[in-house]
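Hi,

Here is the structure I promised to pass on.

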2 protein chains.
Amino acid sequence: MSTITSIRQAVPDRDDLAEDGGSSIYERLRDDIIHGRVKANERLKVAELASRMGTSTNPVREALQQLRGEGFVIMTPNRGARVRPIDEEFVRDICEIEVLIEPALTRWFVNIATKGEIEELERVQAEIESLNFEDEMRHSRLDLQFHRLMYDRHYNRHAVDLWVRHRQILGAISRQFTTSVKRQKDVIREHKDLLACLRQQDPDAAAAAIATHVSGSGAHIIEHMRARRY
Amino acid sequence: MSTITSIRQAVPDRDDLAEDGGSSIYERLRDDIIHGRVKANERLKVAELASRMGTSTNPVREALQQLRGEGFVIMTPNRGARVRPIDEEFVRDICEIEVLIEPALTRWFVNIATKGEIEELERVQAEIESLNFEDEMRHSRLDLQFHRLMYDRHYNRHAVDLWVRHRQILGAISRQFTTSVKRQKDVIREHKDLLACLRQQDPDAAAAAIATHVSGSGAHIIEHMRARRY
DNA sequence: GATTGACAAAGAATGTACGATCTGAAAGCT
DNA sequence: AGCTTTCAGATCGTACATTCTTTGTCAATC
């Protein structure tokens, strides 16, 4: 009967958001899928989810439809919703797209970056280095801030939204494990390389740097997933 | 009162699909948005849409949620849904993303294409040329088939899905006007160039060819939109 | 005796109706 | 004029009916 066990008991991280469990039904479902709390291809029954969430079925149905639009669940007529597997292939696909998009965003940033923005980037980077991955949660926030500084002003909102969504998925997955020491050093070096390219106003080199950064990050995540038989 | 006028009366094209108006509520809404039958930022009231669609409110709500997930409508709590404007910026954003993605897909195709597949492409291209844009509907189908032959087998399903969705949007828009003669010639020439690159097994040249093809297509659409004060 | 087929019953998704709650704006009061 | 109140309109949530899928059983045939 109870196909979905242990979905919502004790979500230890992310207690800073939305105090009273007031995160919307949509966010709860999405997090459960991203964090792998529901198995791949598992069926999502509205009645079951509704009783679990403590609401009626209608809000659940609408949340599922939204998730379908975003590609997190797959719905077939009269047969309900299934979890889209967040497996290595999925991560690889996302990363490959980001390897294409992020360099383009970065290239544009190189051409419009002000002195102040580059200094701000360096400030964040210095903070990242001084923190040195001691607090993964804070590091994640700083890393997000670093990239956001470059992308936020881009005119292509569609591309940036895509980046945000992809990053949320990847960030949620990588939050499940601790970054390896090698990857820590690589991240810092890659950021430094990127900053050097920015200072030198070299779009091509900056694009190449961010490409290796994204690619390396994706490879790191996939290796961890494979190691855990995720 | 009736904010949404002339949404569904007489959709002349696309009468080949789904005889009894049986296209799903989601598709109807999506088409209405894409084709510009509802104005940008216009409010979408569930009760109104429900009576128009001849159903109750619940299916409409779920369709709206799905559209929200795909980014076609913007919903704010307790204030309902608004139409996301499909304007020149939106098209430009999509095209820029495709200029990044399609070359990558093409590049991969060059490396795995079989002789039979290339011949199939040439056959479709010959059909396109013989048709010579006399039937835009059939041309659109052939053009879709042309690109689909290259992308369908790609391992990155996520990227291909993104391409399909973007292409649907662009195709729906460009179906509203007739292709200029110059663009017709350009399309045929670009396809020929691409085929030459494929035959020569030159991934870089093929990627460049598809990039100019996509870019040109986008520019053509945007020019038409601007001309019509779309 | 095992396999296949139909058939019935349970489970789940989809659709309908209605009540509760929120927003927005016009009317009334100080 | 500015503020409050009130009310219509719309969204959101709950309960129920309908329809489809699925599963389990039984019988008939090979």
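**What I found**

Among the contacts in chain A between residues at least 6 apart in sequence, 70% join residues at least 24 apart. Please keep in mind throughout that this is a predicted model.

Let me begin with the make-up of one chain. Chain A has nine helices and three strands, and along the sequence they follow the pattern α-β-α-α-β-β-α-α-α-α-α-α. Of its 230 residues, 30% count as buried.

As background, strands of a sheet pair through backbone hydrogen bonds, either parallel or antiparallel.

Chain B can be laid on chain A with an RMSD of 0.2 Å, by a turn of 180 degrees and a shift of 0.2 Å along the axis. The two copies are therefore related as by a two-fold rotation axis. The same surface serves both copies, since 100% of the contact residues of chain B recur in chain A.

In that interface, 21 residues of chain B are in contact with 21 residues of chain A. On the chain B side, α3 (57-70), α4 (88-112) and α7 (157-174) each supply at least two residues. The most come from α3(B), with nine residues. By class, the side of chain B that touches chain A has eight nonpolar, six polar and seven charged residues.

Leaving out residues up to four places away in sequence, A:Ala206 touches A:Thr106, A:Arg107, A:Val110, A:Leu194, A:Cys197 and A:Leu198. In soluble globular proteins, nonpolar side chains tend to be buried together.

You will also want to see the DNA. Which residues are around DNA strand D? From chain A they are A:Thr55, A:Ser56, A:Asn58, A:Pro59, A:Asn78 and A:Arg79, and from chain B they are B:Lys45, B:Val46, B:Ala47, B:Pro77, B:Asn78 and B:Gly80. The elements giving two or more residues to this surface are α3 (57-70) of chain A and α2 (46-53) of chain B. By class, the surface near DNA strand D divides into four nonpolar, six polar and two charged residues.

One of those residues, A:Asn78, has a backbone feature to check. Its phi is near 65 degrees, a positive value in a residue other than glycine. A:Asn78 lies in the loop between β2 (73-76) and β3 (80-83) of chain A, and it is exposed, with 5 other C-beta atoms within 10 Å. B:Asn132 also has a positive phi, near 55 degrees. B:Asn132 sits in the loop between α5 (115-131) and α6 (136-151) of chain B. Is B:Asn132 buried or exposed? B:Asn132 counts as exposed because it has 11 other C-beta atoms within 10 Å, and the cut-off for exposed is 12 or fewer.

Best wishes

Notes:
Residues are numbered from 1 along each chain as its sequence is written. Chains are lettered from A and ligands numbered from 1 in the order in which they are written. This is a predicted model: local features need pLDDT of at least 70, side-chain atom pairs count only at pLDDT 80 or more; totals for chains, interfaces and linings use all residues. Copies are superposed by least squares on the C-alpha atoms of residues with pLDDT of at least 70 in both. Two residues are in contact if their C-beta atoms, placed from the backbone, lie within 7 Å. Helices (H or I, at least four residues) and strands (E, at least two) are DSSP runs, numbered from the N terminus. A residue is buried if 20 or more other C-beta atoms lie within 10 Å of its own, exposed if 12 or fewer, and partly exposed in between; C-beta atoms are placed from the backbone. A residue is near a molecule or strand if its C-beta atom, placed from the backbone, lies within 6 Å of it. Ala, Val, Leu, Ile, Met, Phe, Trp, Tyr, Cys and Pro count as nonpolar, Asp, Glu, Lys and Arg as charged, and the others, Gly among them, as polar.
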